[in-house]
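Dear colleague,

Please find the structure below, followed by an account of what was found in it.

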Amino acid sequence: MTEILSFHNVTFSYTPEDETARKAVQNISFNVQQGEWIAIVGHNGSGKSTIAKLMNGLLFPAEGEVRVLRNPLTEENLWDVRSQVGMVFQNPDNQFVGATVQDDVAFSLENNGVPYEEMVVRVQGALKQVKMEQFLNHEPHHLSGGQKQRVAIAGALAIYPQLLILDEATSMLDPQGRDEVLSTVQALREKIGLTVISITHDLEEAMLADRIIFMNDGKKYAEGTPSEIFALGEQLIEFGLDLPFSMKMTKLLQQQGVKLVGQHMTEEELVNDLWTSNFNK
């Protein structure tokens with residue numbers, strides 16, 4: 001498989017002149033392969049947002065190396081790298097610069113000198129991928145939160161990225177908007193093999209990933225599949241993360257004497273176990 005992104009012993013401090021100051025991230029290493037969905041989770045201040053900025057050159061490490069498509073990320077190749085990495089931030093309103101949806105999606109293409117005829121094709125194609133083509137001439141501020149983030153994703157997709165980074169992209173959305181965005185990303189990943197990095201504090205969102213990197217106090221506390229990370233249970237709560245609903249419900253039912261086998265990452269697993277263990281007799 002092709003390596004899309006990797007961190008090698010990366011350390012960064014916002015106060016490099018103070019050697020005794022806490023490091024925002026310290027000695028972080030991981031890699032992301034083409035087509036993977038990686039979730040980076042942690043409480044506020046754990047270092048995950050700093051990692052997002054290091055990924056696309058908003059920050060550069062004090063120690064270690066960030067590689068994108070196996071090439072070290074430097075100030076010299078920064079814009080070439082950004083042309084291959086799409087990023088969607090927390091607040092979609094902060095990303096809109098165009099008067100209409102199509103103007104906004106075209107913005108990064110204009111900046112990169114894409115010819116007009118090709119730009120039209122890319123804009124229409126990207127909006128169709130996120131099922132927003134009927135809103136081509138709408139003003140962005142009239143859209144719902146979920147629709148705005150889907151347009152932001154279209155803007156990222158229009159550059160034909162190798163990697164899509166979601167930096168707390170669903171944290172300001174209601175449940176419907178959140179589901180819209182995550183369903184869109186899942187469908188795109190299946191359709192075009194998009195590589196996704198999701199930076200989030202929402203463990204239910206993290207369950208969609210192939211692997212989870214769990215950050216705490218600027219360090220990588222654990223890395224593994226969702227099942228392996230959620231097996232940490234109470235440790236996640238101690239570090240300021242909220243367990244998915246199905247896992248909390250499983251624990252409450254077990255405390256009330258209901259027979260259940262292990263933990264359940266999804267509501268479907270919980271319902272099936274309830275039926276098998278307690279009613280299907």
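From strand S9, Arg211, Ile213 and Met215 point one way and Ile212, Phe214 and Asn216 the other, and all are buried (under 20% relative accessible area, with a 1.4 Å probe and protein chains only). In a regular strand the side chains alternate between the two faces of the sheet. Since 6 of the 6 residues of S9 (residues 211–216) are buried, the strand is largely enclosed by the rest of the structure. Strands here are DSSP E runs of at least two residues and helices are H or I runs of at least four, numbered from the N terminus.

This is a predicted model, in which local features need pLDDT of at least 70, side-chain atom pairs count only at pLDDT 80 or more, and totals for chains, interfaces and linings use all residues. Residues are numbered from 1 along each chain as its sequence is written, and side-chain values use heavy atoms, leaving out hydrogens and water.

S9 runs parallel to strand S3 (residues 37–41), joined by 4 bridges; two strands pair if DSSP finds at least two bridges between them. Arg211 is the bridge partner of Ile38. With S10, the pairing of S9 is antiparallel over 5 bridges, and Ile213 stands opposite Glu223. The hairpin of S9 and S10 has 2 residues between the strands, and Asp217 takes a positive phi near 55° there.

These strands belong to an open sheet of 6 strands with mixed pairing, in the order S6-S7-S8-S3-S9-S10. Its edge strands, S6 (85–88) and S10 (219–224), each pair on one side only.

Yours sincerely

Note on methods: Buried < 20%, exposed > 50% of the residue type's maximum accessible area, 1.4 Å probe, protein only.
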